[in-house]
Amino acid sequence: MHSSNPVILQAHSLVKRYGRLTAVDGLSFAVRPGVVTGFLGPNGAGKSTTLRMFLGLDRPTSGAATVGGLRLAETPHPMRVVGAMLDARAVHPRRTAGDHLAAVARAGGVARSRVAPTLELVGLGAVADRRAGDFSLGMKQRLGIATALIGDPSVVIFDEPLNGLDPEGIRWARSLMRDLAAEGRTVLFSSHLMGEMELTADHLVVVHHGRLLADQSLSAFITERTTAHVRARTPDRPGLLQALSRAGVHAAPDASSTDALDVLGSTTDHVGRVAAGAGVELSELSSARDSLEDVFLTMTSTQKEAA
Amino acid sequence: MDLLASEWIKARSIRTTWLLVAGTVVVTVVVSLLGISGLLADWRADLPADFDPTGISFKGVLVGQILVATLGAQTFTSEYATGQIVTSLTVAPRRAVLLATKLAVTALVALATAVVTVACSFGASQAALAAAGLPTADLPDAGTVRAILCAVGYLVLTAVLGVALGAITRSSSGALAVVVTVALLVPALAPGLPGLVGDLAGTYWPTTAGQASYTTAGAGGVTGSAGLAVMAVFTLWTTLAAHVTLRARDA
């Protein structure tokens, strides 16, 4: 259904200061079409401020946040270029979902006939005549997503879209974002939870204290920043440690158990061969990586000390 | 055109809009009639020499203006209070256009409200005066027609002023405080101010001048259409201030 041109979001040396506080401190990155880009950072990292500058709500102290090379106010049909949900609760509680969407649609020059199908798309078709104030947070989230999508925009921006959704809603929102990206749209969503990123994003932009920490694909992020290790369990832990040491592989016993050990810089294939060669019985052999959550926490905590 | 339609949907889909419209009509008429009922008690006593049967029909505007200003203000303040403004500005990022649209829709709603309010208040008041055997306004008289039109114009300007104050203060209570101060407090206190300040404030203060425009009494100072013009200029400046504020501030 989506037919317009791909549009790139770009932050050019973006700075935003509030008095003495620097919320965004020289951010430069681009968000490309066709993939889901996750905008990750702890609370107060400057994510929302950056998103607001893309939408022209806040004026950068210096630098620029452009949509398809233009500031949003300069684009001819803003609603067909960008759809956004910053805060799901940001809707007049006394207005019905249908009236709310109709007002938004008309403002962007979109036919009212898009209202009903868009409400259907987000699963609110049956409650179009109910006031938004009576909605649960999850339903408001869906209404916010409908508000973002009604103009069939090339770019969608969601601030913390998974907050307040139940597990089924989270799965729905994830697959929606993937579908939107697959249609060739530029999809940017923010979160302070690495776990949400792992399951949803193809590309990561990580910020902390308003500065860029990483801008790379999720797979590159994983291979570059996490180390693989092999975990083995055996009834003969000293025997396996000895055999691995003879084979030149570094291994350490897992202090939290009596029969497990961690092997760094090797593969399950190799550890299995070493164990077989030494005649040591294995009860488990698996490979694991550091959790991204840990990597993220380490990244942001070292930054904090540096600052 | 699309944005006008959007703002119209916003206005008509909120019950507050219609409560304020109905409230403006009812309160204005009731207060005007109460003003006359005060006269009825001692109508045989000498009426003041400058008794103005037209002006007295619009006494209720003093209270009605607060409601109509709130009608204007809430087009912005309700959006800031709920956060809806973020969506509105994302969809229509040109803030001057959004302000102009809200002004236009509010002016139209206020115009319809003002016509009904003024017609009802004038009709009911004249009927009450006639029933009591008091002097009534002379409708074909140019001064009376002018006063009626100025009363409509004054209410519309007050609503427009409300929109501007809503955009500047972003808060219903803030806007209301300014409206009450400008429209009620200063006109009430001005006569007590000393010397030139009191004279100026009692004559050229925009709402005082505006309120003089819908009477036929020539009490000196700024009267008639000139009074409404003073109010219009003040409203224009406030609207420009709202425009500058909207452009300069982060949403």
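How many positive and negative side chains does chain A have, and how far apart do the centres of the two sets lie? Chain A has 32 positive and 31 negative side chains, with 9 Å between the centres of the two sets. Here Lys and Arg count as positive and Asp and Glu as negative, leaving out His and the chain ends; each charge is placed at NZ of Lys, CZ of Arg, CG of Asp or CD of Glu.

A word on the model: it is predicted, so local features need pLDDT of at least 70 and side-chain atom pairs count only at pLDDT 80 or more, while totals for chains, interfaces and linings use all residues. Residues are numbered from 1 along each chain as its sequence is written, and side-chain values use heavy atoms, without hydrogens and water.

Chain A is split by an automatic or database domain assignment into two domains, whose centres, taken over C-alpha atoms, are 46 Å apart.

| Domain of chain A | Residues |
|---|---|
| domain 1 | 9-223 |
| domain 2 | 227-289 |

Along the principal axes, the C-alpha atoms of chain A fill a box of roughly 75 × 45 × 35 Å. Of its 307 residues, 50% count as buried, that is, under 20% relative accessible area with a 1.4 Å probe, protein chains only.

Now to the partner chain. In chain B, 27 residues are in contact (heavy atoms within 4.5 Å) with 36 residues of chain A. The two chains bury about 2,600 Å² between them, 51% of it from carbon and sulfur atoms; this is the accessible area (1.4 Å probe) lost on being put together, summed over both. B:Thr90, B:Val91 and B:Asp250 supply 20% of the area that chain B buries against chain A, more than any other three residues.

How values were computed: Chains lettered and ligands numbered in written order.
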